[in-house]
Amino acid sequence: MITEADKASMRMERVTVREIARQVAKEAGVKPAVIFGPSRKQKDFRLRALVCYIARRHGMSYPRIGMALGRDHSTIRSAVVNEQRRRGEV
């Protein structure tokens with residue numbers, strides 16, 4: 001039997017890593033290229049980690065997020081874990 005919650009989750013709009021990155025960049029006042037770029041500056045890394053964290057919360061796999069950001073899945077996993085630690089979730 002399908003519950004109302006199941007129906008609501010099926011209607012949920014699918015979001016992409018690129019859309020998440022655009023929104024995070026907009027809120028941070030930077031261009032999305034900063035998130036997709038090679039920069040290793042702490043501010044840029046944290047924005048990228050936030051994108052990874054949000055994408056993961058939307059149910060995306062590490063490889064899928066990694067492909068969208070041009071990085072290895074293990075890098076994405078580390079970014080998510082670091083963001084969870086910053087938030088006190090781990």
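User: What is the overall make-up of the protein chain?

Analyst: This is a predicted model. The protein chain has 6 helices and 0 strands, which along the sequence gives the pattern α-α-α-α-α-α. Of the 90 residues in the protein chain, 28% are buried. Among contacts between residues at least 6 apart in sequence, 55% join residues at least 24 apart.

User: What makes the pair Glu83 and Arg86 a salt bridge?

Analyst: The cut-off is 4 Å between a side-chain nitrogen of Lys or Arg and a carboxyl oxygen of Asp or Glu. In the pair Glu83 and Arg86, the closest N and O atoms are 3.0 Å apart, so the pair qualifies as a salt bridge. Both residues belong to helix 6 (residues 73-86) and sit 3 residues apart, about one turn of the helix. An α-helix has 3.6 residues a turn, so residues three or four places apart point the same way.

User: How do you know that Glu83 also forms a salt bridge with Arg87?

Analyst: The closest N and O atoms of Glu83 and Arg87 are 2.9 Å apart, and the limit is 4 Å, so this pair is a salt bridge as well. Salt bridges that share partners join Glu83, Arg86 and Arg87 into one network. The search of the whole structure finds 2 salt bridges.

User: Why is Glu83 called buried, and why are Arg86 and Arg87 called partly exposed?

Analyst: Glu83 has a relative accessibility of 8%; buried means under 20%, so Glu83 is buried. Arg86 has 37% and Arg87 has 43%.

User: What covers the buried residues of helix 4?

Analyst: The cover includes helix 2 (17-28), helix 3 (32-36), helix 5 and helix 6. The buried residues of helix 4 include Asp44, Leu47, Arg48, Val51, Cys52 and Ala55.

User: Why are helix 5 and helix 6 called roughly perpendicular?

Analyst: Helix 5 (residues 62-69) packs against helix 6 at an angle of about 105°, with the axes 8 Å apart. Angles of 65 to 115 degrees count as roughly perpendicular, so the label applies to helix 5 and helix 6.

User: Which residues of helix 5 and helix 6 meet?

Analyst: From helix 5 come Tyr62, Pro63, Ile65, Gly66 and Leu69, and from helix 6 come His73, Ile76, Arg77 and Val80. The residues of this contact divide into 6 nonpolar, 2 polar and 1 charged.

Note on methods. Residues numbered from 1 in each chain as written. Predicted model: local features only at pLDDT ≥ 70, side-chain atom pairs only at ≥ 80, totals over all residues. Heavy atoms only, no water. Helix = DSSP H or I, 4+ residues; strand = E, 2+ residues; numbered from the N terminus. Buried < 20%, exposed > 50% of the residue type's maximum accessible area, 1.4 Å probe, protein only. Axes fitted to C-alpha atoms, helices over the stretch in contact; angles between N-to-C directions. Parallel < 35°, antiparallel > 145°, perpendicular 65-115°, else oblique. Contact = heavy atoms within 4.5 Å. Nonpolar A, V, L, I, M, F, W, Y, C, P; charged D, E, K, R; others polar.
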